[in-house]
Amino acid sequence: MGRKSEDSSSQYGEPAEYDPTFNGPIHNRSCTDIICCILFMAAIAGYMIVGILAWLYGDPRHVLYPRNSTGMFCGIGLNKGKPSVFYFDLLKCATATNVMAAALNGLQCPTTQVCVDQCPGDFWILSPGAYLPTAKAKDFFQQQYCVPSFNLSTTDLTAKEIVDKELCPSFYIPTSSVLGRCLPSLGLLNNIPSNFTLPGMASVNDTANALKNATSDVLSGFNLRQVGVRIFEDFASSWYWILIGLLIAMLLSLIFLLLLRFMAPVLVWLLIVGVLGVVAYGIWHCYWEYDNYKNSSTTISNLGFTTNFSAYLQVKETWLAFLIILCILEAILLLVLLFLRTRILIAIALIQESSKAVGHMMSTLLYPLVTFALLIVCIAYWGITALYLATSGAPIYKVVALNSSTNSCLAINGTETCDPLSFNSSAYMSCPSAQCIFIKYNTEGLFQQNLFNLQIYNVLAFLWCVNFVIALGQCTLAGAFASYYWAFSKPSDIPTFPLSQAFIRSLRYHVGSLAFGALILTIVQFIRIVLEYLDHKFRAAQNPCARFIMCCLKCCFWCLEKFIKFINRNAYIMIAIYGKNFCVSAKNAFSLLMRNILRVVVLDKVTDLLLLFGKLLVVGGVGVLAFFFFSGRIQLPGNAFNSQTLNYYWVPIITVIVGAYLIAHGFFSVYNMCVDTLFLCFCEYSLCWPTYV
């Protein structure tokens with residue numbers, strides 16, 4: 001009776017009638033959604049053109065290499081062998097914004113910068129004797145830290161003139177190269193020599209405090225270098241054992257999938273009983289806590305609102321509320337288990353059958369590697385294109401006065417363009433500190449004026465390609481598993497190379513349909529990105545009402561994205577089976593699922609619970625093993641690995657845990673796709689499956 005009411009005629013259409021001649025995915029099919037296929041190909045061609053234009057106009061050296069004050073790159077060209085940039089006066093780079101901008105956008109701190117082969121390693125300050133009339137400048141300065149065009153051995157300038165024109169630094173401190181920038185270490189600033197007092201400072205302590213204040217923000221962004229080096233050393237010494245840990249995760253994932261073939265009923269019922277047991281224990285614990293506090297005079301009304309939430313746990317009303325909630329939850333779970341027990345049997349049967357399908361087509365477990373490789377290509381192309389677009393346009397240099405206190409310097413500061421290669425500071429005698437400094441990239445011209453639009457196109461095309469790759473993988477796996485479902489005699493009737501055949505069918509006939517579904521998802525994802533951007537930009541200016549509306553919009557589009565992913569996934573399964581276009585397949589899949597909504601919910605939750613248990617088993621087991629091994633609690637014979645050589649033993653542990661999760665997710669995603677495919681096939685012809693209904 002339940003089957004009749006569920007599968008009867010309704011607004012979601014009639015179930016398909018049994019066709020004894022139907023033996024799997026249709027081979028004689030035609031191309032679907034040709035218009036969307038052409039549009040997708042045009043978008044790919046346009047994406048390639050954008051990449052070519054970005055490559056022609058962009059120059060990633062502006063990001064990859066630091067520059068000196070003349071705009072020349074350090075480490076290449078004329079400055080080959082001088083990979084680091086040295087700042088004359090770090091006090092002028094008082095905030096991290098300047099140096100971070102220099103690292104990311106090519107912007108410069110307002111002080112002279114020169115390319116050096118090695119950053120200074122000690123403290124030095126210009127001696128007071130250098131200011132004497134008889135002093136020779138070459139006896140006090142070092143040529144390697146002076147402006148390259150300035151020659152100490154032939155100059156007639158005094159030390160004061162050299163310092164005022166910033167031809168050579170008046171001091172430097174120990175620094176190290178971080179992303180090509182000579183940046184100091186706060187620890188070394190505690191060992192400043194007693195004679196190291198900067199002009200305008202009363203004492204060595206004042207000098208140390210000024211340098212610390214000027215560099216603390218900088219180091220917060222760049223002082224990760226030492227940690228990064230240590231982490232790299234840990235990877236270098238433990239990579240072999242990390243790979244072994246990942247191999248163990250892969251074997252555990254395979255073993256779990258094989259166990260599902262024989263122990264699926266036991267595992268499912270064990271998990272169900274476990275959930276009921278956990279809730280029952282929660283009921284007992286809440287009653288025990290309620291009994292302890294039932295004689296207490298403290299109530300919720302006495303407490304009022306407090307940020308000390310632990311105080312609420314000492315009130316009987318809190319535990320009574322928890323007790324009622326858990327009792328209701330336990331009752332709901334028991335009723336669901338009682339009325340949906342037959343559908344749980346269907347879920348168990350499909351899980352067992354899915355294990356057999358994966359066992360007969362083990363190559364499907366390797367297909368996530370293909371998807372992963374294609375996604376890496378998409379991400380790499382997007383990142384490189386974005387980098388070249390961001391550095392498109394010729395750099396613009398302007399005359400900037402490093403000391404703009406005089407009117408003559410203020411008059412020329414940032415008003416005149418210049419060429420750093422031919423710039424001569426002697427042409428600005430009224431402002432000796434004038435230099436040719438990089439300001440920004442040229443935004444004139446048709447290409448440069450549309451850089452923002454091209455970046456948007458880059459993001460849209462990237463999302464479309466990524467969603468298409470995922471859709472291709474889902475349709476390919478669905479075609480392979482559907483061919484298994486309709487094989488009368490398994491495994492002899494399973495087609496030869498079912499995965500390859502399904503992949504070729506998807507690319508030959510259904511690029512347009514897959515691109516159509518991917519485009520719908522891309523539009524929703526792009527709207528979510530725009531909402532996140534607007535929320536980030538205007539968060540400070542939003543009132544509570546605006547924040548509430550923004551939160552509702554973000555929540556609605558998140559739900560819409562999840563719904564579209566669900567519809568697309570099942571539409572791709574129908575495409576793989578029948579070869580119809582996206583809209584018809586999505587409609588048929590939605591109608592089919594709505595006619596079997598209870599089965600869908602039960603199967604989805606049972607499968608999710610089972611695969612979650614598998615992921616926890618694999619990741620937890622490998623994670624615990626990695627912890628005991630890399631922390632030195634498990635010793636190998638012959639001291640094959642010494643955990644004492646690791647700087648941070650948590651680095652390989654986290655790497656193994658994350659890698660184990662990705663491996664388990666990859667294997668189980670194939671299994672989940674198999675369950676969904678077999679379930680749709682089962683629902684499509686459920687009239688001939690009376691045993692479980």
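**Cysteines**

I started with C168, which is buried in this predicted model at a relative accessible area of 2%. Its partner across a disulfide is C146, with the sulfurs 1.9 Å apart. C146 is buried too, at 3% relative accessibility. I looked up the handedness next: the torsion about the S-S bond is about 115°, so this disulfide is right-handed. The two cysteines sit 22 residues apart, C146 in the loop between β3 and α5 (159-164) and C168 in the loop between α5 and β4 (171-172).

How many disulfides does the structure hold? I get 3.

Another one joins C74 to C115, S to S 1.9 Å. The link of C74 and C115 is left-handed, with -75° about the S-S bond. C74 is in the loop between α3 (61-64) and β1 (84-87), while C115 is in strand β2 (residues 113-116), so the bond ties together parts 41 residues apart in sequence. Both ends are out of the solvent by my cut-off: C74 is buried at 1%, and C115 is buried at 4%.

Then I checked C119 and C182, whose sulfur atoms are 2.0 Å apart in a disulfide. The link of C119 and C182 is left-handed, at -80° about the S-S bond. C119 lies in the loop between β2 and β3 (124-125) and C182 in strand β6 (residues 181-184), so parts 63 residues apart in sequence are tied together. C119 counts as buried at 11% relative accessibility, and C182 counts as buried at 1%.

C31 is partly exposed, at 45% relative accessibility. I also looked at C475, which counts as buried at 1%.

**Salt bridges**

I searched the whole structure and found 5 salt bridges. One of them pairs the side chains of R528 and E561, 2.5 Å from N to O. R528 is in helix α16 (residues 511-537) and E561 in helix α17 (residues 544-578), 33 residues apart. Is each end buried or partly exposed? R528 is partly exposed at 26% relative accessibility, whereas E561 is buried at 6%.

K554 and E532 make a salt bridge as well, with their closest N and O atoms 3.6 Å apart. K554 belongs to helix α17 and E532 to helix α16, so this pair ties together parts 22 residues apart in sequence. K554 is partly exposed at 21%, and E532 is partly exposed at 38%.

R569 in helix α17 and D676 in helix α20 (residues 650-684) are 107 residues apart. Both residues of this pair are buried. I also noted a network: salt bridges with shared partners join R528, E561 and K565.

**Helix α17**

I checked the length of this helix. At 1.5 Å a residue, the 35 residues of α17 should span 51 Å, and the end C-alpha atoms are 51 Å apart, so the two agree. Just after α17, G579 takes a positive phi of about 75°.

**F235**

I picked F235, which is found in helix α7 (residues 225-293). It is partly exposed, at 31% relative accessible area. Leaving out residues up to four places away in sequence, F235 touches I242, V651 and T655. I also looked at L646: F235 and L646 are 411 residues apart in sequence, yet their C-alpha atoms are 9.0 Å apart in space.

**Whole chain and confidence**

I counted 20 helices and 8 strands in the chain. Of its 693 residues, 43% are buried. Among contacts with a separation of 6 or more, 75% are between residues 24 or more positions apart. The accessible surface comes to about 36,300 Å², and 66% of that belongs to carbon and sulfur atoms.

The average pLDDT of the chain is 78, and 76% of the residues score at least 70. Where does the pLDDT stay under 50? Residues 95-107 are one such stretch, with 31 contacts beyond four places in sequence in the model. Over residues 687-693 the pLDDT is also below 50, and that stretch has 13 contacts beyond near neighbours in sequence.

Methods: Residues numbered from 1 in each chain as written. Predicted model: local features only at pLDDT ≥ 70, side-chain atom pairs only at ≥ 80, totals over all residues. Heavy atoms only, no water. Salt bridge = Lys/Arg side-chain N within 4 Å of Asp/Glu carboxyl O. Helix = DSSP H or I, 4+ residues; strand = E, 2+ residues; numbered from the N terminus. Buried < 20%, exposed > 50% of the residue type's maximum accessible area, 1.4 Å probe, protein only. Contact = heavy atoms within 4.5 Å. Areas by Shrake-Rupley, 256 points an atom, 1.4 Å probe, with all protein chains shown as cover. Expected span 1.5 Å × (residues − 1). pLDDT = per-residue confidence, 0-100. Disulfide = S-S within 2.5 Å.
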